[in-house]
Amino acid sequence: MRTLALAGAGLLAACQQEPGFDERYEDATKRIEASSKAIDAQLAPTAAPTRGGGAAAAPVR
């Protein structure tokens, strides 16, 4: 009887549900935000200063 209970518990543990859409979406969002912050941190020291007190320069024609 004990063996049957342990086998049943083992089967239940093996049959875990896959994460739902919302869980996968939240996980992907967190990973993308972390990646974005890491890229921003790498680029921040090398960013060139802008002209005109922070305003973007107009394209030359």
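Biologist: How much accessible surface does the chain have, and what part of it belongs to carbon and sulfur atoms?

Modeller: This is a predicted model, and the accessible surface of its chain comes to about 6,100 Å². Carbon and sulfur atoms account for 61% of that.

Biologist: What percentage of the residues in the chain is buried?

Modeller: A residue counts as buried when its relative accessible area is under 20%. Here, buried residues make up 0% of the 61 residues in the chain.

Biologist: How many salt bridges turn up in the whole structure?

Modeller: To call one, you want a side-chain nitrogen of Lys or Arg within 4 Å of a carboxyl oxygen of Asp or Glu. A search of the whole structure gives two. In one of them, lysine 30 pairs with glutamate 26 at 3.3 Å, N to O. In another, arginine 31 pairs with aspartate 27, with 3.4 Å between the closest N and O atoms.

Biologist: Why are lysine 30 and glutamate 26 about one helical turn apart?

Modeller: Because they sit four residues apart in helix H2. Arginine 31 and aspartate 27 are also four residues apart in helix H2, so about one helical turn separates them too.

Definitions and conventions. Residues numbered from 1 in each chain as written. Predicted model: local features only at pLDDT ≥ 70, side-chain atom pairs only at ≥ 80, totals over all residues. Heavy atoms only, no water. Helix = DSSP H or I, 4+ residues; strand = E, 2+ residues; numbered from the N terminus. Buried < 20%, exposed > 50% of the residue type's maximum accessible area, 1.4 Å probe, protein only. Areas by Shrake-Rupley, 256 points an atom, 1.4 Å probe, with all protein chains shown as cover.
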